[in-house]
Protein chains: 2
Amino acid sequence: MKIQVIKNILDANDSIASEIRGVFADKGAALINLMSSPGAGKTELLDATLGALEGKLRCAVIEGDICTSLDAERLAHRNVPLVQINTETLSSLCHLEASMVREAAKSFDMDNIDIVFIENVGNLVCPAEFDLGADISVALLSSPEGPDKPLKYPQMFKSCEVAIISKIDIAAALGADMDLYENNIRSVNPAARVIRLSARTGEGMSDWIDLLKELSAKKTAAK
Amino acid sequence: MKIQVIKNILDANDSIASEIRGVFADKGAALINLMSSPGAGKTELLDATLGALEGKLRCAVIEGDICTSLDAERLAHRNVPLVQINTETLSSLCHLEASMVREAAKSFDMDNIDIVFIENVGNLVCPAEFDLGADISVALLSSPEGPDKPLKYPQMFKSCEVAIISKIDIAAALGADMDLYENNIRSVNPAARVIRLSARTGEGMSDWIDLLKELSAKKTAAK
């Protein structure tokens, strides 16, 4: 008999993340972990994404916030299964952990879901340390945050498969050079897929939606 | 003989924060803790502040970042004493602790400094939990982050004496209602002093500079 020793909180988290990956593989469903600073546009991107995928893929959402259900309320009009996690009542304030995602996903009818989006707590540091079992971790960097953030918060941008440069519609008002943002992301993570978009105007959204459709097709085929 | 039992990391931190308060009171110097999300404009505000106070108050800066000295380099042209803390080599990544500030302040000639600014790690969650011995904690909320942040990250806005709504120069491009930002701050912290400003255009800066001058005068008088 093999006895598994769970050494610390990160080992325990990784073990649950693997379990989540197993469940999603069995069901042929995709899991996406959206991370960023507060106010980088995760909820706005989710809202536009749910709209674009309506009638094409069956979506669900896990909303992570310290408190309130403000983000969940913004998405309620999309009529998708949605669970709100409030971390202030749990073990940690500043990030989601795999155990929270496992618990939230139990409320979904996973036989009838193609893709689950996790909106993590707004924080460019701590969430990057916790594997949630996602197929793709996505780091958003909004144009008003400035191009230096990938250099100053490298763990977040190293840990993601996809980096989204968001709010490009206000880049002109900021006098921001979007190439510099992308170059800084690539300097810490050359393998990341980089997408520039504005959820507000729709510019660049099709690249993101195509990526999600491809991932979902791949997961369904591998089921 | 009384034996002090330090129960946990927050007790230990509070004990060092009190020690820092004692040193700054003895010297008649003020200590300011600037906190916000990444990219809310702490460094730009500091740069403009150092410029406005040049020749009036003797300033010093403690720069807190996970890694790099990019922010310190942006401020180097101000020729003030400056210490860079990189948290990735210390006990925690995501916030400054009082022990780091105590250590950093040792490198200053405190008999010739009126005001020390701490730029905390960009994070709207964790830094709020750690008292750094400051006279004033300042939470910045930039207009592109959106007005709901004080409701979603209440601990940060409850813990501050001053809340600065920053980047007001791009509010029009965002279609942002600045009153909503201020009302949401006041709803979680009715006692906070709220200042709206743009470090880029200078609008609103005089309110902030006056506040610093008053604080410094008070500290000097109480020495």
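A word on the model: it is predicted, local features need pLDDT of at least 70, side-chain atom pairs count only at pLDDT 80 or more, and totals for chains, interfaces and linings use all residues. Residues are numbered from 1 along each chain as its sequence is written, chains are lettered from A and ligands numbered from 1 in the order in which they are written, and side-chain values use heavy atoms, with hydrogens and water left out.

**View 1. The open sheet of chain A.** Seven strands line up as β3-β2-β4-β1-β5-β6-β7, with parallel pairing. β3 (82-86) and β7 (193-196) of chain A are the edge strands with a single partner each, so one side of each has no neighbour in the sheet. From one strand to the next, the twist averages 20°.

**View 2. Where β5 meets β6 in chain A.** Five bridges link β5 (residues 136-142) with β6 (residues 162-166), running parallel. Look for Ser142(A), which stands opposite Ser166(A) in β6(A).

**View 3. Helix α2 and Ala48(A).** Helix α2 (residues 42-53) of chain A lies across β1 (30-35), β2 (59-65), β4 (115-119), β5 and β6 of chain A, at about 165° to β4(A). That angle is taken between N-to-C directions, on a scale from 0 to 180 degrees, using lines fitted to C-alpha atoms (for helices, over the stretch in contact). Ala48(A) is partly exposed, at 21% relative accessible area. Buried means under 20%, exposed over 50%, and partly exposed in between (1.4 Å probe, protein chains only). Leaving aside neighbours within four places in sequence, Ala48(A) is in contact (heavy atoms within 4.5 Å) with Ala199(A) and Met205(A).

**View 4. Phe157 in the largest nonpolar core.** This core has 48 residues, and Phe157(A) and Phe157(B) have the most contacts inside it. Such a core is a set of buried Ala, Val, Leu, Ile, Met, Phe, Trp, Tyr and Cys residues joined through side-chain atoms within 4.5 Å. Beyond four places in sequence, the contacts of Phe157(A) include Leu124(A), Ala139(A) and Ile185(A).

View 5. Zero disulfides (cysteine sulfur pairs within 2.5 Å) turn up over all chains. For Cys94(A), the nearest cysteine sulfur belongs to Cys126(B), 3.7 Å away. Cys94(A) is buried, at 12% relative accessible area.

Key:
Two strands pair if DSSP finds at least two bridges between them. Helices (H or I, at least four residues) and strands (E, at least two) are DSSP runs, numbered from the N terminus.
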